[in-house]
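Good morning, colleagues. Please look at the sequence and the structure first.

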Amino acid sequence: MRLDGSDESKNIEDRRGSHTGMGGGMFGRGGGGKKFGLGTIVLILVAIYFGVDPNLLLQMTGSDAPSQYEATTYSQGPTPGLSDAESRFVAKVLKTTEDAWGRIFQQQQWGAYPEPKLVLYSGSTRSACGLGQAAMGPFYCPADEKVYLDLSFFREMGQRLGAHGDFAQGYVIAHEIGHHVQNRLGILDQVNEARSRGNQRQANALSVLSELQADCLAGIWANQLRRQGDIIEPGDIEEAINAAAAVGDDRLQKQQQGYVVPDAFTHGTSQQRMTWFKRGLESGNIAQCDTFASTR
């Protein structure tokens, strides 16, 4: 990606090296909530790299998830003057998503695009959806409208999943921003309501459709960048497609347990994730990202 001289988003919270995310008793405080071991969370979520809401993901596994999370308010605002290259890259990519979705919201007459915050953290941090941990990978929390990212994920993505390149990392961020777009359009609320009415297999299937739609929305972001003609470099699109394939449920399950259980999919197969990303990329049309159409 050609981002030299590009503007940086102001919507970054840098919690790295702070202790705001640590401490006990975060789960189940009040309302009869239950204690929940952090080791269990890691075991459940270690293979889930592109989550939406940790609480929902825990429920999808059938685990005894806490009934209520403690929401935490932070006084820390946007972090000015990021100095390290990794965080500045993230800030620049986030700015491209803000520009892209700002244009789309205006074109669709949806009003001003409400820009989300992106939280950089190390190890663990609190969110309105509970404790975020590096093992969970990046996730979007609808309750506070923030994306959470431990930058070690990018190194893990390259070393363990074989998804290399700056545009692959950009795709990760754009996918999480896709969940923010879904949230602002009311899609996540509809999905969660439908999931609550179904059985485990149906809930997993709805989660897959939501994730594939976020992949398609990431493709629309890439389409917007390609139209500009000065950011995307040769090989960038291939990096994003490779990243989408790397986090397919079938590929991850095969790597971890040696076999595939389709009913347990929550994010889609490698082929599905590539297909929907390319659909958004090639069409640039949000109407083409209706992954739920086949279920109606």
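Let me begin with the disulfide that joins cysteine 216 to cysteine 289, with an S to S distance of 2.0 Å; a disulfide here is a pair of cysteine sulfur atoms within 2.5 Å. Cysteine 216 lies in helix H7, residues 200-228, and cysteine 289 in the segment after helix H10, residues 270-283, so the pair ties together parts that are 73 residues apart in sequence. Helices (H or I, at least four residues) and strands (E, at least two) are DSSP runs, numbered from the N terminus. The angle about this S-S bond is -75 degrees, and the link of cysteine 216 and cysteine 289 is left-handed. Both cysteine 216 and cysteine 289 are buried; buried means under 20% relative accessible area, exposed over 50%, and partly exposed in between, with a 1.4 Å probe and protein chains only.

A word on the source. This is a predicted model, in which local features need pLDDT of at least 70 and side-chain atom pairs count only at pLDDT 80 or more, while totals for chains, interfaces and linings use all residues. Residues are numbered from 1 along each chain as its sequence is written, and side-chain values use heavy atoms, with hydrogens and water left out.

How many disulfides does a search of the whole structure find? The search finds two. The other entry joins cysteine 129 to cysteine 141, S to S 2.1 Å. Cysteine 129 sits in the loop between E3 and E4, and cysteine 141 in strand E5, 12 residues apart. With 90 degrees about the S-S bond, this link is right-handed. Cysteine 129 and cysteine 141 are both buried. Counting bonded cysteines along the chain, the pattern is 1-2, 3-4.

I turn now to the hairpin. Two residues connect E3 to E4 in it. The two strands run antiparallel, and four bridges join E3 to E4, residues 130-133; strands pair if DSSP finds at least two bridges between them. Threonine 125 has glycine 132 in E4 as its bridge partner. From strand E3, residues 124-127, Ser124 and Arg126 point one way and Thr125 and Ser127 the other, and all are buried.

Finally, the loops. Most residues other than glycine have a negative phi. Glutamine 109, however, has a positive phi near 60 degrees. Glutamine 109 is in the loop between helix H3 and strand E2, and is exposed, with a relative accessible area of 73%. Glutamate 145 also has a positive phi, near 55 degrees. Glutamate 145 lies between strands E5 and E6, and is partly exposed at 23%.
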